[in-house]
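Q: Please pick one part of this model and take me through it slowly. I'd like to hear what sits where, what touches what, and how each term is meant.

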Amino acid sequence: MYVPRPIMDSQLGKLPQEVKFCTKCVMSNQRPRISFDANGVCSACHYAASKITGIDWAGRKKQFAALMDKHRSKDGSYDIIVPCSGGKDSSTIAHRLKYEYGMHPLSVTFSPPVYSEIGWKNLRRYIDSGFDHYLVSPGGKMNRALTKLSFVLLGDHNEIFDHGQMGAPFRVAVDHNVKLVMYGENGEAEYGGTLKDADKPGRDWEDFQECYYSNSIENLIKIGMEDGYIKEPIPDKALDIYRLPPVEDLKRVGVEMHWFGYYHTWTPQDNYYHAAEHTGFQANPEGRNIGTYSKYAQLDDLTDSFLYYLMFIKFGFGRATSDAAHEVRDGHITREEAVVLVHRYDGEFPHQNFKVFLDYVDLTEDEFWQVVDRFRLPHIWEKKNGEWKLKHCVS
Ligand SMILES: [Zn+2]
């Protein structure tokens, strides 16, 4: 069942009407919150350049060591929470915290909608390599309904998962009286977005709320009830599994979030080698991931590829653009090579997981395409001979 409604994604109304691509990497100016300078260079490229020349890494490493000294437990109790999917980045962070800094990490995963076999195995291998772990799983019935609402209303089925994923580590931190939560990279600065917090080790609670909780679940549910997606009322407290704990609780315990990437250089490829060597991480056995050429990023969830597909529909660039842009900034490939990769892989449709996705959100194929086509903006897409074409491609 699908009821057409006005699109709720507030980001779409703020996109620049003239599409441009960064002259240094390949990122599009349609990426929310990114900025371009007068020479057409994006904020992520500026941040990447500043990481090479403008940051005292030795000084930051010292700050990190001091932070660990301050929080390290003496009796082996948990002293740091690592939000963890079992992927290459979080496994590497937990391993380094434990073996380079003598910390006692507790890993926390919020369960993705549909675990992939490789994702589940990687998580098990990570746990087996010696890490305590909590898996927080919302009940399937409620999660399916909220995932469907996120997809239909926001064009982002992962919105509800994001809420849960961001909230769970902090709820565990409050429950266990652990003051530190260690994330990987500042995604906004690394991949293109606001540089507001680029010079900060973490985000304060007000910013955190604004960044990750601007779409309210309560509102989704209200519409879900009106449109008949949700048959039985969901009690408000049942939604706590998706929420950040009350800020007063976070402040009472003294919980702080920090980015590991603020203190150490962040190179996804290095994390892959580290995790493969130390925590049993394995790349995608089926070859590259759908919609891109890389083999090792975000493998744990079968519905994940639809997040990137919808990103391509809404903003006109996909997962290959994000991956290639980051690799240009890291100096691993040239811009020309990146352009070829983008043309080859961006926007590839995830046929392999289509049925799984439709089953999860309870939509027919027809309804799926009705939702998708509503998110194509006229400055990004045009219909030619009955087929949707991007108006602008990177070159
Ligand atoms: Zn750039």
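A: First, a word on naming: helices (H or I, at least four residues) and strands (E, at least two) are DSSP runs, numbered from the N terminus. Residues are numbered from 1 along each chain as its sequence is written, and side-chain values use heavy atoms, with hydrogens and water left out. Keep in mind that this is a predicted model, where local features need pLDDT of at least 70, side-chain atom pairs count only at pLDDT 80 or more, and totals for chains, interfaces and linings use all residues.

Let's start at His-163, which sits in helix H6. At 3% relative accessibility, His-163 counts as buried (buried means under 20% relative accessible area, exposed over 50%, partly exposed in between, with a 1.4 Å probe and protein chains only). Leaving aside residues up to four places away in sequence, His-163 touches Tyr-212, Tyr-213, Asn-215, Ile-217 and Tyr-242; contact here means heavy atoms within 4.5 Å.

One of those partners, Tyr-212, takes us to helix H8, which runs over residues 205-212. The buried residues of H8 are Trp-205, Asp-207 and Phe-208. They share one side of H8, because they cover an arc of only 155° around the axis; the arc is that of the directions from the helix axis to the C-beta atoms. Glu-206 and Glu-210, on the other side of H8, are exposed. As for what covers the buried residues of H8, helix H6 (159-176) is included, along with helix H10 (247-253) and strand S5 (256-259).

Now follow H6 both ways. Past its end, the loop between H6 and strand S4 (180-183) holds Asn-177. Asn-177 has a positive phi, near 60°, in a residue other than glycine. Not counting residues up to four places away in sequence, Gly-155 touches Ser-150, Leu-310, Lys-314 and Phe-375. Gly-155 also has Ile-313 9.2 Å away in space, C-alpha to C-alpha, although the two are 158 residues apart in sequence.

That brings in helix H13 (residues 304-315), which packs with helix H17 (residues 365-374) at an angle of about 45°, their axes 9 Å apart. Axes are lines fitted to C-alpha atoms, for helices over the stretch in contact, and angles run from 0 to 180 degrees between N-to-C directions. The angle makes H13 oblique to H17; under 35 degrees would be roughly parallel, over 145 roughly antiparallel, 65 to 115 roughly perpendicular, and the rest is oblique. H13 brings Phe-306, Tyr-309, Leu-310 and Ile-313 to the contact, and H17 brings Phe-368, Trp-369 and Val-372. By class, that contact has seven nonpolar, no polar and no charged residues (Ala, Val, Leu, Ile, Met, Phe, Trp, Tyr, Cys and Pro count as nonpolar, Asp, Glu, Lys and Arg as charged, and the others, Gly among them, as polar).

Zooming out for context, the chain has 17 helices and seven strands. Buried residues make up 57% of its 395 residues.
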